[in-house]
Amino acid sequence: MSSLDFGEILEIALGIGLQFLVLVIAFLIVNPLGKKLISKLLHTSTEKQNVSEARVLTLEKLLLNIYSYLLIFVFILMIFGVFNLEIGPLIASAGVVGLAIGFGAQGLVSDIVTGFFILLEKQLEVGEYITAAGYDGIVEEVGLRTTKIRSFDGTLNFIPNRQLEGISNHSRGTMRALVDIGISYDDNIDHAIRVLQDVCNRFSEDERFIETPQVLGVQQLGSSDVVIRVIGQTQNMEQWSAERDMRKAIKEAFDQNGIEIPFPQQVTTIKQEENA
Amino acid sequence: MSSLDFGEILEIALGIGLQFLVLVIAFLIVNPLGKKLISKLLHTSTEKQNVSEARVLTLEKLLLNIYSYLLIFVFILMIFGVFNLEIGPLIASAGVVGLAIGFGAQGLVSDIVTGFFILLEKQLEVGEYITAAGYDGIVEEVGLRTTKIRSFDGTLNFIPNRQLEGISNHSRGTMRALVDIGISYDDNIDHAIRVLQDVCNRFSEDERFIETPQVLGVQQLGSSDVVIRVIGQTQNMEQWSAERDMRKAIKEAFDQNGIEIPFPQQVTTIKQEENA
Amino acid sequence: MSSLDFGEILEIALGIGLQFLVLVIAFLIVNPLGKKLISKLLHTSTEKQNVSEARVLTLEKLLLNIYSYLLIFVFILMIFGVFNLEIGPLIASAGVVGLAIGFGAQGLVSDIVTGFFILLEKQLEVGEYITAAGYDGIVEEVGLRTTKIRSFDGTLNFIPNRQLEGISNHSRGTMRALVDIGISYDDNIDHAIRVLQDVCNRFSEDERFIETPQVLGVQQLGSSDVVIRVIGQTQNMEQWSAERDMRKAIKEAFDQNGIEIPFPQQVTTIKQEENA
Amino acid sequence: MSSLDFGEILEIALGIGLQFLVLVIAFLIVNPLGKKLISKLLHTSTEKQNVSEARVLTLEKLLLNIYSYLLIFVFILMIFGVFNLEIGPLIASAGVVGLAIGFGAQGLVSDIVTGFFILLEKQLEVGEYITAAGYDGIVEEVGLRTTKIRSFDGTLNFIPNRQLEGISNHSRGTMRALVDIGISYDDNIDHAIRVLQDVCNRFSEDERFIETPQVLGVQQLGSSDVVIRVIGQTQNMEQWSAERDMRKAIKEAFDQNGIEIPFPQQVTTIKQEENA
Amino acid sequence: MSSLDFGEILEIALGIGLQFLVLVIAFLIVNPLGKKLISKLLHTSTEKQNVSEARVLTLEKLLLNIYSYLLIFVFILMIFGVFNLEIGPLIASAGVVGLAIGFGAQGLVSDIVTGFFILLEKQLEVGEYITAAGYDGIVEEVGLRTTKIRSFDGTLNFIPNRQLEGISNHSRGTMRALVDIGISYDDNIDHAIRVLQDVCNRFSEDERFIETPQVLGVQQLGSSDVVIRVIGQTQNMEQWSAERDMRKAIKEAFDQNGIEIPFPQQVTTIKQEENA
Amino acid sequence: MSSLDFGEILEIALGIGLQFLVLVIAFLIVNPLGKKLISKLLHTSTEKQNVSEARVLTLEKLLLNIYSYLLIFVFILMIFGVFNLEIGPLIASAGVVGLAIGFGAQGLVSDIVTGFFILLEKQLEVGEYITAAGYDGIVEEVGLRTTKIRSFDGTLNFIPNRQLEGISNHSRGTMRALVDIGISYDDNIDHAIRVLQDVCNRFSEDERFIETPQVLGVQQLGSSDVVIRVIGQTQNMEQWSAERDMRKAIKEAFDQNGIEIPFPQQVTTIKQEENA
Amino acid sequence: MSSLDFGEILEIALGIGLQFLVLVIAFLIVNPLGKKLISKLLHTSTEKQNVSEARVLTLEKLLLNIYSYLLIFVFILMIFGVFNLEIGPLIASAGVVGLAIGFGAQGLVSDIVTGFFILLEKQLEVGEYITAAGYDGIVEEVGLRTTKIRSFDGTLNFIPNRQLEGISNHSRGTMRALVDIGISYDDNIDHAIRVLQDVCNRFSEDERFIETPQVLGVQQLGSSDVVIRVIGQTQNMEQWSAERDMRKAIKEAFDQNGIEIPFPQQVTTIKQEENA
């Protein structure tokens, strides 16, 4: 090692640099070409069959992803080849570097393993509305390493797959609309339940509801009001608009029937001023 | 390694690609066929015997799961075979990659070990209502790697089994309905307890209750009210509807007997305005 | 490896499948038989001796547990034997898999080591009331890997033993009943303490109390009240009912002696409306 | 391995079972005998010398603990001997199991290392009042692996020693009694301080106090009161009763001197009703 | 080792020191020269092509980064060479040091792996507004090891890339302006919605909005007000100014139409003074 | 191993026991003797020189600590010798035990490494007031493994050094006294600042202050008051008493100048009872 | 090992002790000499060049740091030499100790790696105001292992570099002064904005501001007030004093223009006493 002088190192560095450049250029040409090819082939082959749009999108993204990583893998192998010629044995003998890389790269492997099972078990499809790792939104792309989720406010979130421990998928099956409404302690509970059920029945023809919503009963004896719960099964993604309309209808029905939605209550005992 | 030129690598890549394609197609054919076979065999064999529905469902899911993983295992072995021919030794000699994979895949192994014991110790059955890892809902499927739970609002949650540390199973035995009710500091405690016990006795014939609910006594001297606790054992999954009906009955009994459920209380001493 | 064609692999898979089936059936027969044998032997041998019920239950559960794990261990060894014939060497040579399993299974070993010491040091017995890992309830079963705790509301909790770091056992010795009661700032403290001690003395004959409860003194000068603390040692598990009765007795004694339990207090200085 | 048939395995299992039984019985006899011997020897040898009670208790517990673990260690070695004859080499060759055990048992080793230093550095003695790992109470036993702490409410807590990171020992030296008392913004601060110092002087003869408590000054200009701090050094474990008596004395002195302990204050500006 | 005396060690230390100095000086000369060269080359080559400013900036930063690390890598190799001559074998034989370095450096490797994928997957570009790892701001520089983010208040944050798990990129696509507005329970909901929609329509010509904002409906029946939600898609980074203008317009429209934005409400029941 | 019978093991155990006893006795004699020797030598040698008390104390504690650990190290080596004769090879061959110990003891090594640097970098001296790991108090002893901190209330805290990540040392240089004082929105800010600066000037001769405290300006426009900040540099450990005296002086100056320290403010709009 | 008797061990220990002493003394002489030399050389060489004070300070601290660690490294090597002669091989053969040290020392290596990059990437300079790891203050010294930060209250914080994940440097570029001010719902928003902009314009000549501060608009429709935001770019470290002066000026301008900064608002509906 002591016989390595500056000239030799420069020479090697230049050699490596040239090989590196050639590889980068090759990569930049092959990469977009391959991607277009895959997209075209996939669309041609699935057009004739009865495959859902989302599934095709997911498949396309996945194939492009695998293609990308395969390409990068081959690319890195080649770069390793370039470096191995001169510096490789030195690294290999170090061992320490290997250990550090092994530890440092475990996150990457963990991402890929998790990503593989998310795709295999179809936990996500492009276009579904999910909650995972504290993010909330529509899936834009499922990759082997990263998943992209578009939040409601327009933000695009990049989440490493190993963070996706426990995925709540809100696009699988019917949802429940739930409205908790407080009435005054002075109002008659039976009367309020009848009025609420009348409101519910009005929604029986609503296409968003799968079945007529129902009044469950007294959910809580709160500090200021008696809370009554109304519940109903809706089409997927229609639950929020259904809840909004039910809230409006209930408020108006209560106004017509003289049922009070009470403000916070307090009983105050007034004492005379001590120093008076 | 230095003798690897671009042509050779392309050739290898194409060869691998072809073998890969054949394997994928074979996999796509064998997978659904095997699954149908297993389902049919299981249903035929259990129909004659007295086996609970849930148990059959769990068994079916488990068998399909093991079948899937076995198939994937064989599939991956073959793919490894394909790659081993050319690139394998290179990887094997690296060691670093092995370390990274070992670390990265420990989550997967942990999932399978935990999943195995969840199934072995029957901690979950399909259709049970559980709380685990912060999720709450009905078990839809118990797999070796992932458990699916359907939340009350309709969301489908995919939870890796290693997250299921500490499972609260709400479908094993009778449950307790519990109502805490506050009365005014001015009301007579003995009177309120008598009224509450009367309400409880009305539920003695209720099929949801296993035994007549009981008044326990003064649970708390709160800041605004004296809290009295009522408790009763119910059929599994009937505790909420039982509690709702008891709340309504207690509220109405208190109204009839003139017992007050007080609002938050405060004593205010009024001082004259200083600058007046 | 390159000489493995599809036919051979299928053949192997079928062979493995058959051996696997035989093992599963044998396991399903031997398992229940052994368990019944152990239960009977234990009950016969302990009936003549003076052994507490709980201890026998714990011992029985533990023996059944060890038996189960031994059986499974032998069972897995055999399955490994089945697989080793064909695929084993391949796995063995990989090393990576070994590393992953080693990491993934450490939770299991940790469970067993902790479970062993919980049993050895008698930290838990079946039927005791404990708090551990955020769960609260009666111990239903102590296993080598998992402990089952029945919550007050009827839920059955399965907790891996490694989560049981720091166990609070509420069933070992006498407990303390503690009532903190606030009196008005205008009331005489000595008078209130005398009334409270009178109430305490009434409980001196109560079997739930081991000694007459005592008034400790002024625990806090609160924002609205002077808090006085009463304390007493009770029989195990009787502390809640004792506290409930003491609260009721104190409330009624205060009513008779004209001592006020004050509501939250506030002094309000009224200013005239600025724009008037 | 393929030559192992069912008969042979059963034979081996039975042989192991027998040896296992003999070992268990031997253990159950030797264990209690040794413990009694150690206790007697220790008490005989320390009776003549001037050794504090607590120290003897700690020493006895420690010796019994070491004896127990030594016995169990020998016991496990023997059981390993029993198993090694037949299954041992198989395990040894696996390596994976070793790794898993190594990881899983690190908690145990960590407990023992920490426990050893807690005993060596005398951080705890039996009978001392401590706070550690979120538990609060009197130390009942210090073991090599587990420490038992009795909470104030009577609960017995078992804490693995590795959880005891940072021990607050409240039984080492004099403690401080501290009373923060709020006076009205209208009261004269100098007057209040004089009254408080008078109360403090009354405690100068109190045996619980090591020196007469002192008024420190204005600790805070609060939202409703001017907070004055009183402080004094007390005998260990007497700080709570001292604080309770000081609170009572201060309250009564303030009543006599017309100093107000104010309720929460608020200034309210009243506006006329808008719609009137 | 025992034959190493002080003189020899000093001699070695001086020798190392000299070689070290030469290397440092060489490094200080080569480093800035190379950086300028890279910047110039990049700008010359991209000027003719249609490349976005941000992309060029990112590319430049990345190239400079890789160049820096390559240089440092060569530099460290040479220093290792210097040290290897005398002390190297000693370290190599220790092994312990290697293990410690392997563990300690894993953070560094993790940074680089993550940084590589952030750049590869284009999760960030210089000049974008992002939220990650609890920091919020404009990206100033994306490096292989560290990312620099400029907060709104002017602070410059240096974040190791491994902390960037889950990046929320707010500069990818249109954003949503959202205003929640509370109206009185006494106001007519339909009237308020009409007024709100009028306000929305006034913004239909606003260039910041991509489409006219819409009133969604009753979002919540709050404790003091009925909350109505208004929503609209805006140009990226224009959402805050759009929201500010909508808030002002809504407030003024409500004033004109006599719709009340209510203050917190409370119902107070006055009791007479008890002691009066 | 199969040839080990019970007799042999007992014999070995007894032999080990004897050797163990001799070692323990030798340790108990050598330990205190060595400690006294070190203390005497240190005090004799530092008496003549100008060394601060605290430094001598720290040095003494450190030397005693190193002596203790050296002694224990030799002691353990000997005990290992005793055990190695018979059981050692068995353990050595296991490897598993080694792994477990290596993991379990890392906390200990971490303590010593951190402790070494705390002492080397003089982060703590005996007698300094610090905050670290959530503990607050005066350093009583700095050891290689554990640091003892005496809290203000008299509690003695034992903290493993590895917990001391980030030490806040309050005894290094001058401290700042800071008083935030709220005035009424109706008061003139300039007037209040003049009065405050007058109070500050009165402290210009106070020895606790290094320079006259200054009024900074309007720190906050609070919900009920305009908060003004006063600040001044004080001698170390005098900041609390200085703040207490400044608070008292400010309160009294405000009383004399008619500046109000306002209570929490609220504007209440009274509505008539709806049902009246 | 069994042939090691007490005499030999003592002899060895004494020999080690002597060698240890000589090394310590040599260390205590060489250490301060070298430090002075480095400081002088640095100051002489940088005096002639145009180097900023802070940079020289940082460089000096770093060089002294590296010098210290190099010295300690040589020192430890020598001590290892001393010990190696006798006890070394024993340790080396143990392996376990090595593992423990490797794990325990990873924190140290992590500190140095992070410290190296903090210095390399110039994330901190002595004298800058930063926030990191929950500490806030002026950097006093940047070391390879520890960074010292002086808090505003005078406390000196020692922070291991590995805790510095994510550094917020507040001394890099202009800062923003931001004042949020609430006006009454009854006030005219346009009028208030005009008054605020007038106040802003008064600061256009203020040297602390880089540009005239601007009124942004309605930031929030709060529960009691309409919040308007004012913002302006200031010289570094001048933002707090600028904000204080703006708050004072705004308050006084509002007083002159009759714009109200409202107290918290509430609407109270009074009900008659029920029992009256």
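Select helices H6 and H7 of chain C, residues 189–202 and 239–257 respectively, in this predicted model. Their axes come within 10 Å and cross at roughly 135°. Because angles over 145 degrees count as roughly antiparallel and 65 to 115 as roughly perpendicular, H6(C) and H7(C) are therefore classed as oblique to each other. The crossing of H6(C) past H7(C) is right-handed.

Next, display the side chains where the two helices meet. On H6(C), select C:Val195, C:Leu196, C:Asp198, C:Val199 and C:Arg202.

Now move to chain A and show the whole chain as a cartoon. Chain A contains 7 helices and 9 strands. How many of its 276 residues count as buried? The share is 31%. Consider also the contacts in chain A between residues at least 6 apart in sequence: 63% of these join residues at least 24 apart.

Finally, select residues 179–261 of chain A. An unreviewed UniProt entry lists this span as "domain: Mechanosensitive ion channel MscS C-terminal". Within the span, 40% is helix and 27% is strand.

Key. Residues numbered from 1 in each chain as written. Chains lettered and ligands numbered in written order. Predicted model: local features only at pLDDT ≥ 70, side-chain atom pairs only at ≥ 80, totals over all residues. Axes fitted to C-alpha atoms, helices over the stretch in contact; angles between N-to-C directions. Helix = DSSP H or I, 4+ residues; strand = E, 2+ residues; numbered from the N terminus. Parallel < 35°, antiparallel > 145°, perpendicular 65-115°, else oblique. Left-handed = near helix turned anticlockwise from the far one by under 90°. Contact = placed C-beta atoms within 7 Å. Buried ≥ 20, exposed ≤ 12 C-beta atoms within 10 Å, placed from the backbone. UniProt positions renumbered as here; feature names shortened; annotations may be inferred.
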